[in-house]
Amino acid sequence: MASVPLNKSCNTEYKSTAAIKYIATCIQSGNIHNIITLCGAGISTAAGIPDFRTPSTGLYAHIKCLYPGMRKPELLFDIRHFKRDPTRFYRIIKQLFSQSDYKPTKTHKFIKLLADHGLLLRDYTQNIDGLQEMLDMSKELVVNSHGSFSTAHCIKCGSNFSIVEVKACIQRECVPRCTLCQGAVKPDITFYGEQLPPRFYEMSKLDFPKCDLLIVLGTSISVLPFDTLLSLVPLAVPCLFINLEKCSTFNIEGNSTHRMFLGTTDTGCQALADELGWGQ
Ligand code: CNA
């Protein structure tokens, strides 16, 4: 029989379907009890929140338009830059929170399903949008690895401030100032040049030796030290990477337990939920 050469997109689709089937089979084997999810901005783009690096729609592209002379858009999220001039950060962050009614995506709901089935050990997210917490999941199950936008403090005297006031200032495009010392007030998200929350280090030390399946969702896995979490997972542990594009940090070549689904995280999670019989 003559073999029909698969074209590239056919081949990718075939591999993606096979990836979902393989991971579903692992879960259905009954040997998986401690799934860890590693999430990035890609799981929230379907909710309308831009990521950093997508060339046309990401925040970095927007920063380059706003500030054409700026060589490194990530500087806006660098603590030294923020201390010198918080104005630019507040101007750009308005894009991230341009609406007030963002809703969790199918991917957030799939992570909750894992929890409901007693399979989720922990969700490590780089996101600061709080969409996962909206789904009434135990706070213990989520590690907000880059902090969260739910609290804020003055970078000069450390006083705490209401995030509601900070968000109101963001909408007016002005810098929220401390009522005591006039220092800039910063949401408690982790900037480049800052330590990650202690909980990230404490929990990852305990969790990763127990992990028996890893699902990486919507991230370019390019931010340190978050990307080092990948290396904490033993090679024999099955891993699924769902992303719109390939990423050099996640290599499936030569690894029999690593799989990749190229597409949106919502499509990938829906396919996995369907395969597991949790479709609705
Ligand atoms: P990134 O570097 O912008 O990467 C996002 C990745 O997701 C890219 O590889 C995209 O191709 C991919 N992607 C985009 N949309 C989808 C989709 N629908 N389905 C599948 N893949 C998709 O962002 P990372 O998360 O890797 O980088 C970490 C930064 C981004 C953290 O410090 C975050 O705080 C920061 N961030 C967070 C948010 C948020 O909280 N929603 C938004 C923007 C940036």
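**The ligand site and selected backbone features**

In this predicted model, the ligand is surrounded by 28 residues, of which Ala41, Arg53, Thr219, Ser220 and Glu245 are the closest. By class, this shell consists of nine nonpolar residues, 15 polar residues and four charged residues. The ligand itself sits in the largest pocket.

Backbone atoms of the protein contribute to the polar contacts of the ligand. A backbone N or O atom of Ala41, one of the closest residues, lies 2.7 Å from a ligand oxygen atom. A polar backbone atom of Ile128 is found 2.8 Å from an oxygen atom of the ligand. For Gly218, the corresponding distance between a polar backbone atom and a ligand oxygen atom is 3.4 Å. Taken alone, the ligand exposes 870 Å², and the protein buries 94% of that area.

Strand E7 spans residues 213-217 and strand E8 spans residues 239-243, with Pro225 placed in the loop between them. The peptide bond that leads from Leu224 into Pro225 is cis, its omega being near -5 degrees. Ile221 belongs to the loop between E7 and E8 as well. Although Ile221 is not a glycine, its phi is positive, at about 40 degrees.

Asp136 is placed in the loop between strand E2, residues 120-125, and strand E3, residues 142-144. Is Asp136 buried or exposed? With a relative accessible area of 69%, Asp136 is exposed, since the class begins over 50%.

Ser204 lies in helix H7, which comprises residues 198-207. Its relative accessible area is 7%, and Ser204 is therefore buried. A polar atom of the Ser204 side chain lies 3.3 Å from the backbone oxygen of Tyr201.

Thr17 is placed in helix H1 and is partly exposed, with a relative accessible area of 42%. Between Thr17 and Ala271 there are 254 residues of sequence separation, yet their C-alpha atoms are 8.2 Å apart. Asn31 is found in the loop between helix H1, residues 8-28, and strand E1, residues 35-39. Asn31 is exposed, because its relative accessible area is 57%. How far apart are the C-alpha atoms of Asn31 and Leu75? These two residues are 44 residues apart along the chain, and their C-alpha atoms are separated by 44 Å.

Terms used: Residues are numbered from 1 along each chain as its sequence is written. This is a predicted model: local features need pLDDT of at least 70, side-chain atom pairs count only at pLDDT 80 or more; totals for chains, interfaces and linings use all residues. Side-chain values use heavy atoms; hydrogens and water are left out. A residue is near a molecule or strand if one of its heavy atoms lies within 4 Å of it. A polar contact is a pair of N or O atoms within 3.5 Å; within protein, one must be able to donate a hydrogen and the other to accept it, and residues adjacent in sequence count only if both atoms are side-chain atoms. Accessible areas come from the Shrake-Rupley method with a 1.4 Å probe; for residues, only the protein chains shown count as cover. On a 1 Å grid over the protein atoms alone, a cavity is a set of points where a 1.4 Å probe fits but cannot get out, and a pocket is an open set with protein on both sides within 12 Å along at least five of seven lines; lining residues have an atom within 4 Å of a point. A molecule sits in a cavity or pocket if more than half of its atoms lie within 2 Å of its grid points. Ala, Val, Leu, Ile, Met, Phe, Trp, Tyr, Cys and Pro count as nonpolar, Asp, Glu, Lys and Arg as charged, and the others, Gly among them, as polar. Helices (H or I, at least four residues) and strands (E, at least two) are DSSP runs, numbered from the N terminus. Buried means under 20% relative accessible area, exposed over 50%, partly exposed in between (1.4 Å probe, protein chains only).
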